[in-house]
Amino acid sequence: MIAAPLSLRRVAVSSAVLTAESVLRLGLTAAVAFWIARSLGPAQFGLLNFASALMVIFLGVSTLGMEVPLVSRLAQGQPSGPLLGAALVLRAGAALVALACCAALGVALHADDPQALAVTLIVALAVLGYVPSVFDSWFKARVEAFAPSLVRLVVTVLSMAAKLLCLTWGGGVVALAWTVAVEALLYGALLSLVWWRSGVHRPIRLNWPARTELAQLLRDSWPYLVSTSATVFAMKIDVVLLGALSSHAQTGVYSVVQKLSEILYIAPVALIDSAYPALARNATETAASAAAQGQLLFDLAAACAMLASAAGVLLAGPAIGLCFGAAYADAVPLFHVHAWTCIAIALSAARYRWMATLGLHRHAALVTVAGALASLALNALLIPHFGAWGAAWAALLSSFGAGLAASFVIRELRPLGVMQLKALWPWQRLHARLRHRRVGPRADSR
């Protein structure tokens with residue numbers, strides 16, 4: 001049972017550790033990814049990204065959405081042995097099925113390309129390596145972030161070092177694929193070891209789960225499975241379809257565009273996460289204040305995203321030329337389209353949080369699934385005719401469809417949709433807010 005007391009200090013320390021870990025890992029991963037893209041060239045970089053995207057989709061399904069219910073039960077003090085045992089059994093079974101499906105799809109797509117098939121099969125092994133990530137739920141339930149964060153950071157550093165050695169010694173895409181698989185296996189092994197040595201007074205032991213434990217965990221997990229799988233599917237299906245329906249060179253160029261756009265998302269999402277708690281507290285007074293605070297959240301999200309997108313478009317040419325070289329020159333006009341997905345992503349992130357404030361989070365899974373289906377349909381329609389350009393326009397249209405248009409499909413979300421539409425021109429309201437904050441105190445003093 002979990003006996004560690006919860007405190008504000010522990011929450012603050014845990015949040016700070018997780019944030020620092022995320023920033024460090026993101027920086028390392030992005031820097032090495034840029035070097036890999038430049039060293040391999042568009043075709044082989046596209047192949048590696050195709051295999052990784054396919055693996056991530058099957059990995060998302062193999063998690064079975066268990067993290068939230070598992071953390072919740074452990075935090076409530078339920079015995080960890082049966083819970084973690086059930087989670088491991090379910091994850092291992094799901095990972096084996098996911099690996100088989102991923103391998104079968106790789107054979108179907110690349111039967112005539114030995115190198116592409118080898119890369120796909122090797123990267124797919126990472127699905128098995130992440131099975132012990134269920135132990136991370138135990139640490140989250142205890143609000144202990146340091147040990148698992150340290151494991152992730154150490155594994156990332158070792159993996160980045162291995163990738164750099166591969167590039168320095170002339171290792172090709174197959175060698176880099178092995179670093180992806182070994183990174184997952186090393187993460188699972190080290191996390192298991194850290195969990196095993198984290199017993200307070202005695203060794204922690206797993207119990208073989210009863211059938212009822214398995215059934216209850218599956219029953220509680222399936223809504224999160226749908227939402228998580230749909231989110232991952234929407235994020236990665238464009239790269240998978242581009243690799244399957246177009247060329248690996250097109251996939252490599254588009255992957256660079258996608259990674260650069262993900263950097264743009266950081267600023268608005270960070271702003272939303274920072275502003276949301278205070279706005280949510282102020283929204284509890286009246287319906288009018290809730291609407292005003294919600295509109296402010298959408299305005300801040302849209303304004304920050306617009307500025308980030310505009311800056312990205314202006315800097316795309318020199319940045320891509322400097323970081324990736326002439327081989328990726330085609331990524332510049334593609335990024336000019338894809339960068340504006342940042343606005344839709346920001347509006348969607350703000351809506352997701354404000355739905356929770358208003359008690360409408362039950363609609364989150366439906367909106368996420370609709371976005372995934374829209375992404376699948378648009379990519380399948382546009383990629384065969386337009387290649388990477390089709391993927392870029394599909395990303396833009398599907399992100400605005402899921403992030404904005406979907407708000408008007410569900411009746412209870414329509415007021416949020418109106419706020420989102422207003423937020424597409426937030427400058428006047430934000431200027432009025434800023435002017436009020438500057439002038440208000442002086443007026444009061446008079």
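Helix α2 is followed by Leu64, whose phi is positive, near 60°. Helices here are DSSP runs of H or I with at least four residues, strands are E runs of at least two, and both are numbered from the N terminus. The model is a predicted one: local features need pLDDT of at least 70, side-chain atom pairs count only at pLDDT 80 or more, and totals for chains, interfaces and linings use all residues. Residues are numbered from 1 along each chain as its sequence is written, and side-chain values use heavy atoms, with hydrogens and water left out.

Stay with Leu64 for a moment. Most residues other than glycine have a negative phi. Leu64 is not a glycine, yet its phi is positive, about 60°. Leu64 sits in the loop between α2 and α3 (67-75). Leu64 is buried, at a relative accessible area of 14%. Buried means under 20% relative accessible area, exposed means over 50%, and partly exposed lies in between, with a 1.4 Å probe and protein chains only.

Now the whole protein. The protein has 18 helices and zero strands. Of its 446 residues, 47% count as buried. Take the contacts with a separation of 6 or more: residues 24 or more positions apart account for 82% of them. Contact means heavy atoms within 4.5 Å.

Go back to α2. This helix has 21 residues, and 16 of them are buried, so α2 is largely enclosed by the rest of the structure. Its length agrees with expectation: at 1.5 Å a residue, α2 should span 30 Å, and its end C-alpha atoms are 30 Å apart. The expected span is 1.5 Å times one less than the number of residues.

Helix α2 (residues 42-62) packs against helix α10 (residues 211-245): the axes come within 8 Å and cross at roughly 160°. Axes are lines fitted to C-alpha atoms, for helices over the stretch in contact, and angles run from 0 to 180 degrees between N-to-C directions. α2 and α10 are therefore roughly antiparallel. Angles over 145 degrees count as roughly antiparallel, under 35 as roughly parallel, 65 to 115 as roughly perpendicular, and the rest as oblique. α2 passes α10 in a left-handed crossing. On the α2 side the contact includes Asn49, Phe50, Ala53 and Leu54; on the α10 side, Leu225, Thr228, Val232 and Lys236 are among the residues. The contact residues divide into 13 nonpolar, five polar and one charged. Ala, Val, Leu, Ile, Met, Phe, Trp, Tyr, Cys and Pro count as nonpolar, Asp, Glu, Lys and Arg as charged, and the others, Gly among them, as polar.

Helix α10 also meets helix α4 (residues 80-110). Their axes lie 13 Å apart, at an angle of about 30°. α4 and α10 are therefore roughly parallel. Pro82, Leu83, Ala86, Ala87, Val89, Leu90 and Leu109 of α4 meet Glu213, Leu214, Leu217, Leu218 and Ala244 of α10. This contact has eleven nonpolar residues, no polar and one charged.

Two glutamines end the tour. Gln258 belongs to helix α11 (residues 248-282). Gln258 is buried, with a relative accessible area of 9%. Leaving out residues up to four places away in sequence, Gln258 touches Met235, Asp238, Val239 and His338. Gln428 belongs to helix α18 (residues 427-445). Gln428 is exposed, with a relative accessible area of 63%. Gln428 and Asp299 are 129 residues apart along the chain, and their C-alpha atoms are separated by 9.9 Å.

Technical notes
Left-handed = near helix turned anticlockwise from the far one by under 90°.
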